[in-house]
Amino acid sequence: MNNSRLEIVVGLFLVLGFAAFGWLALQLGEVSWLGEGSTYTLYAEFENVSGVKAGAEVQIAGVTVGSVTELRLGKDDFAIATLKLDKDIRLAKDSMASVKSQGIIGDKLIQITPGGDEEMYQAGDVIVDTESSVDLESLISKFAFGGVK
């Protein structure tokens with residue numbers, strides 16, 4: 001009798017533990033069918049995203065508001081960056097996305113400069129007002145070999 005009571009308590013403990021683990025996995029995974037989620041997706045179209053990697057930060061005024069989830073080549077040979085932004089961040093249609101680096105030789109990130117338009121981007125929209133990264137190697141080679149006058 002005492003042994004079966006212990007087995008029942010251990011079984012309940014395991015069931016509660018697995019339920020808590022499952023709940024945590026669903027919350028961290030942001031399963032869309034369980035709720036709205038805490039992020040939404042925008043796309044940014046760049047001529048050059050050299051140095052930006054999936055997982056790079058998206059910042060506004062130096063504050064991280066999201067991350068880059070994917071980089072791919074789109075139509076017309078433009079680079080398309082998939083940006084996952086916090087749900088509470090609202091971007092005006094005239095906002096600008098730029099490729100910047102943290103420090104002189106730091107990691108690359110996407111810096112968003114908010115605009116003042118009253119119309120806002122919706123999930124799935126494409127930011128076309130972008131500024132690509134500066135290719136320092138080509139600038140130095142142009143300067144070194146007399147390409148810049």
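User: Which residues form a negative surface patch?

Analyst: Asp94, Asp117, Glu118, Glu119 and Asp129 form it. A patch takes residues with over 30% relative accessible area and no salt bridge, with like charges joined within 9 Å. A salt bridge is a side-chain nitrogen of Lys or Arg within 4 Å of a carboxyl oxygen of Asp or Glu. Asp and Glu count as negative. The place of a charge is CG of Asp or CD of Glu.

User: What kind of model is this?

Analyst: This is a predicted model; local features need pLDDT of at least 70, side-chain atom pairs count only at pLDDT 80 or more, and totals for chains, interfaces and linings use all residues. Residues are numbered from 1 along each chain as its sequence is written, and side-chain values use heavy atoms, leaving out hydrogens and water.

User: Where is Asp129 found?

Analyst: Strands are DSSP runs of E, at least two residues; helices are runs of H or I, at least four. Asp129 sits in the loop between strand S7 (126–127) and strand S8 (130–131). The chain has 2 helices and 8 strands.

User: Is Gln111 buried or exposed?

Analyst: Buried means under 20% relative accessible area, exposed over 50%, partly exposed in between (1.4 Å probe, protein chains only). Gln111 is buried, because its relative accessible area is 17%. Asp129 has 37%, so Asp129 is partly exposed.

User: What is Gln111 in contact with?

Analyst: Contact means heavy atoms within 4.5 Å. Gln111 lies in strand S6 (residues 108–113). Leaving aside neighbours within four places in sequence, its contacts include Gln59, Ile60, Met96 and Lys100.

Conventions: Patch = residues over 30% accessible without salt bridge, like charges linked within 9 Å, V, L, I, M, F, W, Y side chains within 5 Å. Areas by Shrake-Rupley, 256 points an atom, 1.4 Å probe, with all protein chains shown as cover.
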